[in-house]
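I am opening my notebook on a new structure. I want to look things up one by one and write down what I find.

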Amino acid sequence: DHGRRIDMEFADFMELEEMNEADLSEAQVFEMRFYTSHSFPAINTALRKRHQPQPLPATVMCVNDGLKSLRGNSADSDDATAIIEFFRGFTDMQVTQDFKDRGGTESAPMSTNKDLSVACGYAVRKGKTNGALLMKIMTKNNLQRGVVLQFLSMFPDEVETLFPPLTYVQSTNKVQEMDFKNGDATFKLTIVEVTTTSP
């Protein structure tokens, strides 16, 4: 919880304005905080590989329901119908023709960021100079995007925006390439523009 006061306990999170406005349960808050830890691959991998039975069904349900409840908090905000860009970085990945034609559904929660540099850092984190992919997500309203989890995240400095599981991602067929410098290395970065439909 770097960047947050060190004496903050779980009960303090339950008293936050965001929690009360969304009427979140303790289980939902706990599981969403758990997701923001280094444990998230255990959840995402099982969802993407469609493990049966799902090893953490209560966690998935609480994260999904909690995100949808929190999304309602900004329904009346000034930017509820604003155009907002989010970014998601992938390493060692190529865009397939099938994805360009048909799009795809992200089975797991989808982590994104408004900060381009943060997403670029994830795209090149393995240090390989080719295969770095960045998804530029264009949203036009509150129902097309996720929730900023900074207020409950274990890594609040990252200002993560999390989309719910089963978000449909569709390419706009706009693709560009750019060079991205990270330290002494220069990476070839492919940027694919997409839109989303949330469940």
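Predicted model: local features only at pLDDT ≥ 70, side-chain atom pairs only at ≥ 80, totals over all residues.

My entries below go from the sheets to a helix and then to single residues.

**Entry 1**

I looked up the strand order of the open sheet with five strands. I read β1-β4-β8-β7-β2, with mixed pairing. Which strands stand at the edges? They are β1 (84-90) and β2 (104-106). Each has a single partner strand, so one side of each is left without a neighbour in the sheet. I also checked the twist, which averages 35 degrees from one strand to the next.

**Entry 2: a helix on that sheet**

I then looked at helix α7, residues 116-123, which packs on the sheet. I found that α7 touches β1, β4, β7 (167-182) and β8. The direction of α7 makes about 15 degrees with that of β1.

**Entry 3: pairs of strands**

I went through the pairings next.

- β4 (residues 132-139) and β8 (residues 185-197) pair in the parallel sense, over seven bridges. I picked out Ala-132, whose bridge partner in β8 is Leu-189.
- β7 and β8 pair in the antiparallel sense over 12 bridges. Here Glu-177 has Thr-190 in β8 as its bridge partner.
- β2 and β7 are also antiparallel, with three bridges. Gly-104 has Val-169 in β7 as its bridge partner.

I stopped at the hairpin of β7 and β8, which has two residues between the strands. Gly-183 takes a positive phi there, near 70 degrees.

**Entry 4: the three-stranded sheet**

I found an open sheet of three strands too. Its order is β3-β6-β5, and its pairing is antiparallel. The edge strands are β3 (110-112) and β5, each pairing on one side only. I counted two bridges between β5 and β6. In this pair, Val-148 stands opposite Thr-161 in β6.

**Entry 5: Met-110**

Is it buried or exposed? Met-110 is buried, because its relative accessible area is 0%, and the cut-off for buried is under 20%. I listed its contacts, leaving out residues up to four places away in sequence. Met-110 touches Arg-88, Ile-137, Thr-161, Leu-162, Phe-163, Thr-167, Val-169 and Thr-196. I also looked up Gly-146, which is 36 residues from Met-110 along the chain. Their C-alpha atoms are separated by 8.4 Å.

**Entry 6: helix α5**

I checked the length of α5, residues 57-71. At 1.5 Å a residue, its 15 residues should span 21 Å. The end C-alpha atoms are 21 Å apart, so the two values agree.

Which residues of α5 are buried? I wrote down Thr-59, Val-60, Cys-62, Val-63, Asn-64, Gly-66, Leu-67, Leu-70 and Arg-71. These residues pack against α2 (17-22), α3 (26-35), α4 (40-48), β5 (147-148) and β6 (161-163).

**Entry 7: α3 against α5**

From α3, the contact uses Ala-27, Gln-28, Glu-31, Met-32, Phe-34 and Tyr-35. From α5, I listed Thr-59, Cys-62, Val-63, Asp-65, Gly-66, Leu-67 and Leu-70. The residues of this contact divide into eight nonpolar, three polar and two charged.

**Entry 8: Thr-36**

I looked in the loop between α3 and α4 and found Thr-36. At 8% relative accessibility, Thr-36 counts as buried. Neighbours within four places in sequence aside, Thr-36 is in contact with Leu-149, Leu-152, Ser-153, Met-154, Phe-155 and Glu-160.

**Entry 9: the backbone exceptions**

Most residues other than glycine have a negative phi, and most peptide bonds are trans. I searched for exceptions.

- Gln-52 and Pro-53 are joined by a cis peptide bond, with omega about 0 degrees. Pro-53 lies in the loop between α4 and α5.
- Arg-50 has a positive phi of about 55 degrees and is not a glycine. Arg-50 is in the loop between α4 and α5. With a relative accessible area of 66%, Arg-50 is exposed.
- Asn-173 has a positive phi of about 70 degrees, and is not a glycine. Asn-173 is in strand β7. Asn-173 is exposed, at 55% relative accessible area.

Key
Residues numbered from 1 in each chain as written. Heavy atoms only, no water. Pairing = 2+ DSSP bridges. Helix = DSSP H or I, 4+ residues; strand = E, 2+ residues; numbered from the N terminus. Axes fitted to C-alpha atoms, helices over the stretch in contact; angles between N-to-C directions. Contact = heavy atoms within 4.5 Å. Expected span 1.5 Å × (residues − 1). Buried < 20%, exposed > 50% of the residue type's maximum accessible area, 1.4 Å probe, protein only. Nonpolar A, V, L, I, M, F, W, Y, C, P; charged D, E, K, R; others polar.
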